[in-house]
Amino acid sequence: MKEELKALVEEATKAIEEKTDLKSLEELRVKYLGKKGKITAFKKNISKLPNEEKPMAGKLINETSREVEKILEKRKEIIKKELLEKKIKEEKIDVTANFDIYETGHFSVINQTMAELEEIFQNMGFDVVEGPEIDTVKNVFDDLNSPKNHPSRSLSDTFYIDEDTLLRPHTSSMQIRVMNEGKLPIKMVSAGRVFRNDEVDATHSPMFHQLECLVVDENASLANLKSTLETFIKEMFGNDMKMRYRPHHFPFTEPSLEVDVTCPSCGGKGCPACSNTGWSMELLGGGMVHPNVLENCGIDSEKYTGFAFGLGVDRIAMVKYGLDDIRLLFDNDKRFIKQF
Ligand code: DAH
């Protein structure tokens with residue numbers, strides 16, 4: 001019997017080693033150790049042995065059972081480990097995969113342009129100030145010396161929230177806010193969104209962006225305004241960009257001017273985009289701060305002078321990147337956005 005059991009263990013061991021899944025391993029356990037198993041069969045035969053051989057035979061069969069049990073357990077652990085490793089390998093998440101679906105975003109052209117503008121002015125020593133998109137009629141119109149009948153005040157031009165508050169139609173209200181803080185001299189820029197009741201077309205949007213600039217000091221002059229503008233245009237568009245000044249009227253500046261630059265479509269030769277003038281649409285308005293505006297903010301206009309301008313950030317971006325339609329900036333068309 002001893003020999004038979006030994007042969008059985010060898011046979012079982014060999015079979016167990018060959019198994020690679022838990023199900024067939026369990027089948028082997030049943031085959032050898034189950035109720036009708038090959039080793040169990042020996043137990044049943046003990047009763048047929050002579051009494052003196054029974055204890056030894058029982059011991060031997062039990063030892064054999066335990067041995068096979070152990071081999072089964074060992075193999076079971078190995079198979080489990082292998083299955084787990086296989087599963088991990090198959091399910092491993094490749095974080096670089098699916099990059100077509102999850103693209104990394106970036107700042108919009110407008111935000112990039114705004115940041116670039118702020119940096120240019122910071123390098124010239126300007127503070128960058130932030131202000132609210134909802135402001136008072138006093139800050140937006142009254143203290144900026146706007147006559148009560150100015151067209152920009154009308155309901156058809158401006159979005160009012162109530163009689164005294166509105167969505168700011170320009171960033172010039174930031175001039176009033178900063179001057180009212182009472183700290184002089186002032187050298188600031190402030191960029192952000194503005195709102196007007198405009199129909200959407202290639203050059204108009206009811207929401208667009210401006211950057212306001214204000215300098216108030218004892219000797220601020222028109223020459224300072226011009227040199228600031230010329231430095232800025234060169235920094236933004238390069239040394240070859242030409243600019244021109246045109247006289248204009250704004251209630252809050254005297255004298256007032258507007259600035260155009262070389263038409264980005266034809267480089268100044270004249271084309272349909274610039275109505276053959278060779279110049280872009282106006283990029284900014286500015287001038288010397290009207291004494292009334294200084295006085296409205298408690299600043300002595302005999303002692304202090306100021307210059308200011310407000311530029312269209314969207315138009316700057318259009319000139320810089322040669323865009324012929326402002327809507328491209330807001331449409332979120334990936335084919336456009338991806339280029340920046
Ligand atoms: N606020 C004017 C506009 O939106 C632009 C402007 C003109 C701003 C003259 C100024 C300025 O600071 O001095 O059209």
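In this predicted model, a nitrogen atom of the ligand lies 2.9 Å from an N or O atom in the side chain of Ser172. An oxygen atom of the ligand is 2.8 Å from an N or O atom in the side chain of Arg196. The backbone also takes part: an N or O atom from the backbone of Ala308 is 3.3 Å from an oxygen atom of the ligand. On its own, the ligand has 350 Å² of accessible area, and the protein covers 90% of that area.

Let me turn to the surroundings of the ligand. How many residues surround the ligand? There are 15, and the closest are Ser172, Gln175, Arg196, Gln210 and Glu212. By class, 9 residues of this shell are polar, 4 are nonpolar and 2 are charged. Three strands, β5 (207–217), β8 (284–289) and β9 (305–312), each contribute at least two residues to the shell.

Finally, I come to the second largest pocket, with about 310 Å³ of space. Its lining has 19 residues, and Pro264, Ser265, Ala273, Ser280 and Met281 lie nearest its centre. Both β6 and α10 give two or more residues to this lining. By class, the lining of the second largest pocket has 10 nonpolar, 5 polar and 4 charged residues.

Definitions and conventions. Residues numbered from 1 in each chain as written. Predicted model: local features only at pLDDT ≥ 70, side-chain atom pairs only at ≥ 80, totals over all residues. Heavy atoms only, no water. Near = heavy atom within 4 Å. Polar contact = N/O pair within 3.5 Å; in protein donor to acceptor, adjacent residues only side chain to side chain. Areas by Shrake-Rupley, 256 points an atom, 1.4 Å probe, with all protein chains shown as cover. Helix = DSSP H or I, 4+ residues; strand = E, 2+ residues; numbered from the N terminus. Nonpolar A, V, L, I, M, F, W, Y, C, P; charged D, E, K, R; others polar. 1 Å grid on protein atoms, 1.4 Å probe; cavity = no way out; pocket = protein on both sides within 12 Å on 5 of 7 lines; lining within 4 Å. Points joined across faces, edges and corners; volume = space filled by probe spheres on them.
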